[in-house]
Amino acid sequence: MRRIAIAIALLLLALPLAACAEARTYAVLSLLGDQLLIVQREPSVGSRLDKNTRRTVPLPTAAIDRAVVLAVDEALRGLDPSARPVLLAARDPALFAAVSRSLDEGGTARVFEAVRPVLANARATHLILVTKHRHQAMLKLRDGHVGSGWLEGIGFYLDPGENMRGANTNEGERGFIATFTYFKVAVIDLARGRILAEDYVVASQATQTNDTNIGHAWSALTEEEKDRQLTAMVRAETARIVPKVVAGS
């Protein structure tokens, strides 16, 4: 009996040590918000090529990435109130260029190699990395999804309405502007350089044009509305997916 009691006592002493050994400190980095992608649908009947008009607009501040990082921080503290994530910021064009290249080849692993120097003094065991994701256009309407071509990152999709399948003809003729955010969240073990889990977001919110701006979808939202809608969507989708990815890691 004495041996059993000693063994149990030793086991109980070892449990906190094991828990400490597995405790995580997260660094958080977002490389999503360097620019907006503005896409206008162009007719492409009989062709599978992406003929849409695409334009990028550089963002002068880190407001979007800051919103993402704060949303990750809030999500992690919701999972563990004692968590103290290390929030990182990076505006190096070389890092965003690595994200762009990763969309064609290499994926998250390629971005991780590029951001290693940023992590040198982070004193973290794991990294939550948010990057752009490329996916076929899927703009959510009341009765399903529409869209042509490919989207990535954050921005706005404009549709003049010719092929839009709305609830009635009038809505289909008016067209819409859709705020979108397509991004990926990964959890990376820094000691091993290993991606433990990752998942992606494909989200959008459409606003129909009205009688005064038919054919001019861009003006269906004010500049303040565009900014507010995009920031709110990024924060909401980050809060939704982070617990899922962390649980999978």
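Author: Let's begin with a word we will need: two residues are in contact when they have heavy atoms within 4.5 Å. Among the contacts in this chain with a separation of 6 or more, 68% are between residues 24 or more positions apart. Please keep in mind that this is a predicted model, in which local features need pLDDT of at least 70 and side-chain atom pairs count only at pLDDT 80 or more, while totals for chains, interfaces and linings use all residues. Residues are numbered from 1 along each chain as its sequence is written, and side-chain values use heavy atoms, with hydrogens and water left out.

The chain has 6 helices and 11 strands. These are DSSP runs numbered from the N terminus, with helices being H or I runs of at least four residues and strands being E runs of at least two. Of the 249 residues, 43% are buried. Here, buried means under 20% relative accessible area, exposed means over 50%, and partly exposed is in between, with a 1.4 Å probe and protein chains only. The accessible surface of the chain is about 13700 Å², and 54% of that belongs to carbon and sulfur atoms. Such areas come from the Shrake-Rupley method with a 1.4 Å probe, and for residues only the protein chains shown count as cover.

The part I have picked for you is helix α6, which covers residues 223-247. Let's start with Val234, which lies in this helix. Val234 is buried, since its relative accessibility is 0%. Which residues does Val234 touch, if we leave aside its neighbours within four places in sequence? The contacts are Val68, Ile154, Thr181 and Phe183. Ser204, 30 residues from Val234 in sequence, has its C-alpha 10.0 Å from that of Val234.

Further along α6 we find Ala239, which is partly exposed because its relative accessibility is 38%. The C-alpha atom of Ala239 is 5.6 Å from that of Ala75, although the two residues are 164 apart along the chain.

The helix also holds a charged pair. Arg240 and Glu237 form a salt bridge, with 2.9 Å from N to O; the term stands for a side-chain nitrogen of Lys or Arg within 4 Å of a carboxyl oxygen of Asp or Glu. The two residues are 3 apart in α6, so about one helical turn separates them. Glu237 is buried at 17% relative accessibility, whereas Arg240 is partly exposed at 46%. Elsewhere, salt bridges with shared partners join Arg54, Asp104, Arg134 and Glu152 into one network.

In total the structure holds 13 salt bridges. In one of them, Arg134 pairs with Asp104, and their closest N and O atoms are 2.8 Å apart. Arg134 is in strand β6 (residues 134-136) and Asp104 in the loop between α3 (93-102) and α4 (107-115), so this pair ties together parts 30 residues apart in sequence. Arg134 is partly exposed at 29%, while Asp104 is exposed at 62%. Asp189 and Arg192 form another salt bridge, with 3.9 Å between the closest N and O atoms. Asp189 is buried at 11% relative accessible area, and Arg192 is exposed at 63%.

Finally, α6 has a part in the largest pocket. Rolling a probe the size of a water molecule over the atoms shows where empty space is left. On a 1 Å grid over the protein atoms alone, a pocket is an open set of points where a 1.4 Å probe fits, with protein on both sides within 12 Å along at least five of seven lines; its lining residues have an atom within 4 Å of a point. Which element gives the largest share of the lining of the largest pocket? That share, 4 residues, comes from α6. β2 (35-40) and α2 (63-79), like α6, each supply at least two residues of this lining. The lining has 14 residues, and Leu36, Leu59, Phe156, Asp227 and Leu230 lie nearest the centre of the pocket.

The space inside the largest pocket is about 290 Å³, a volume filled by probe spheres set on the grid points, which are joined across faces, edges and corners. Its lining divides into 10 nonpolar, 1 polar and 3 charged residues. In that count, Ala, Val, Leu, Ile, Met, Phe, Trp, Tyr, Cys and Pro are nonpolar, Asp, Glu, Lys and Arg are charged, and the others, Gly among them, are polar.
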